[in-house]
Amino acid sequence: MKKEAVLIFYGKRKEEEIEVIMVDTEIYSCMDHSCIGWMRKDFVADDLLCPMCGNEMTHEIRELPKI
Ligand SMILES: [Zn+2]
């Protein structure tokens, strides 16, 4: 599991810096505030449990790089 981080990537292409587009994304995040577990809605498990600690997760909107 990747550590949660909001990263802006810059790519060198034709000597231009290209910023990744950030979009509001539906996610489920762990209800345990000491846990960093979260999943994009599209990839969340059917039981909606945190992949890291097994706690319940709550629906959220988060700004994430477009995929
Ligand atoms: Zn968790």
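Tutor: Two strands pair if DSSP finds at least two bridges between them. A strand is a DSSP run of E with at least two residues, a helix is a run of H or I with at least four, and both are numbered from the N terminus. The model is predicted: local features need pLDDT of at least 70, side-chain atom pairs count only at pLDDT 80 or more, and totals for chains, interfaces and linings use all residues. Residues are numbered from 1 along each chain as its sequence is written.

Student: How many helices and strands does the protein have?

Tutor: There are zero helices and five strands. Along the sequence the pattern reads β-β-β-β-β.

Student: What makes β3 and β5 a pair?

Tutor: Nine bridges join β3 to β5. That count meets the cut-off on bridges, so the two strands pair, and they run antiparallel. Within β3, glutamate 26 has isoleucine 61 of β5 as its bridge partner. Valine 23 stands opposite leucine 64 in β5.

Student: What makes β3 and β4 a pair?

Tutor: Three bridges join β3 to β4. Serine 29 lies in β3, residues 22-30, and its bridge partner in β4 is tryptophan 38.

Student: In what order do the strands form the open sheet?

Tutor: The order is β4-β3-β5, with antiparallel pairing. β4 and β5 are at the edges because each has a single partner strand, which leaves one side of each without a neighbour in the sheet. Neighbouring strands are turned by 35 degrees against each other on average, direction ignored. Axes are lines fitted to C-alpha atoms (for helices, over the stretch in contact), and angles run from 0 to 180 degrees between N-to-C directions.

Student: Why is serine 29 called partly exposed?

Tutor: A residue is buried if 20 or more other C-beta atoms lie within 10 Å of its own, exposed if 12 or fewer, and partly exposed in between; C-beta atoms are placed from the backbone. Serine 29 has 18 other C-beta atoms within 10 Å, so it is partly exposed.

Student: Why is leucine 48 called exposed?

Tutor: Leucine 48 has 12 other C-beta atoms within 10 Å, so it falls in the exposed class. Leucine 48 is placed in the loop between β4 (38-40) and β5 (57-65). Its phi is positive, about 55 degrees, although leucine 48 is not a glycine.

Student: And why is glutamate 26 called partly exposed?

Tutor: Glutamate 26 has 13 other C-beta atoms within 10 Å, so it belongs in the class in between.

Student: Which residues does glutamate 26 contact?

Tutor: A contact is defined by C-beta atoms, placed from the backbone, that lie within 7 Å of each other. Leaving aside neighbours within four places in sequence, glutamate 26 is in contact with Lys41, His59 and Ile61. Serine 29 touches Trp38, Met57, Thr58 and Glu60, again not counting residues up to four places away.

Student: Which residues make up the largest nonpolar core?

Tutor: They are Tyr28, Cys30, Trp38, Cys50 and Met57, five residues in all. A nonpolar core is a set of buried Ala, Val, Leu, Ile, Met, Phe, Trp, Tyr and Cys residues joined through C-beta atoms within 7 Å. Buried residues make up 7% of the 67 residues in the protein.

Technical notes. Two residues are in contact if their C-beta atoms, placed from the backbone, lie within 7 Å.
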